[in-house]
Amino acid sequence: LSFYSKIRDKKRKIYKYKPPASIQQDPVLPLLFILDGESWLKFTRLDLIIERMILDRKLKPFTAVFVPPIQRGLEYGGWRKFREMMYKELIPFIDSLDQVNRHPEDRGLLGASRGGLAALDLLLKDRGYFTFVGAIAPAIEPLPFLQELKKIEAPNTDIQLSIMNCQYDLQKLQKQAHQLKDILREKAFPLEFLEFPVSHTYEGWRHYVDEVIISWNKLKPKE
């Protein structure tokens, strides 16, 4: 799929996964936007991981939108125009394909490394668009996100955050993950903090990305 972004003045390519109609329980499925989407597909086949989890009833059916960046360093660095493109163009475009109008509680974000930072930025800078973020090994410095986070008020709406720390990651990235965890908990953000024995690679992440996704309550199957 592709669409033209007036905000970025560029044509953008996206990939969409939707589960087979035979296992869909609701015409309006939750929607997970996956940043660095092309890399997740290339290096992990995350679309197949998601489908297997749905077929095994570990997750409720949902739609995944894989979003590749354009100028990754700029877009994933807390850039206002990237947020506006996601909020004002990409979300309406995806909803128009299914002819539905989803609510924020039906939308989540997943990102790794600098994509994890971008996902957190999208959730916390402008409320009312997403209610879940899964951030895997978020690469924060040298950007001032932690300082900005200290000034953000805790939400009065239902949001969820899941942070995954890689125990074989660079020490500075592990330190950032723990600093992020401490700030979020101090400010009473709903947080699940996960740690796994992997390094900062897609090969490592693919073994545990399911644990991050399944932490979104919206996707948990009923007992």
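Two strands count as paired here if DSSP finds at least two bridges between them, and the strands (E, at least two residues) and helices (H or I, at least four) are DSSP runs numbered from the N terminus. The model is predicted, with local features needing pLDDT of at least 70 and side-chain atom pairs counting only at pLDDT 80 or more, while totals for chains, interfaces and linings use all residues. Residues are numbered from 1 along each chain as its sequence is written, and side-chain values use heavy atoms, with hydrogens and water left out.

**View A. Strands S6 and S7 pair in the parallel sense.** Here S6 (residues 107–112) meets S7 (residues 132–136) over 5 bridges. Look for Ala-112, which stands opposite Ile-136 in S7.

**View B. Seven strands form an open sheet with mixed pairing, in the order S3-S5-S4-S6-S7-S8-S9.** S3 (15–17) and S9 (191–196) are the edge strands; each has a single partner strand, so one side of each is left without a neighbour in the sheet. On average, neighbouring strands are turned by 15° against each other, direction ignored.

**View C. Helix H5 (residues 114–125) lies across S4 (31–35), S6, S7 and S8 (160–166).** H5 runs at about 150° to S6; axes are lines fitted to C-alpha atoms, for helices over the stretch in contact (heavy atoms within 4.5 Å), and angles run from 0 to 180 degrees between N-to-C directions.

**View D. Helices H1 (residues 37–44) and H2 (residues 46–55) pack with their axes 7 Å apart.** Their angle is about 75°, so H1 and H2 are roughly perpendicular (65 to 115 degrees). Trp-40, Leu-41 and Thr-44 of H1 touch Leu-46, Asp-47 and Ile-49 of H2.

Key: Parallel < 35°, antiparallel > 145°, perpendicular 65-115°, else oblique.
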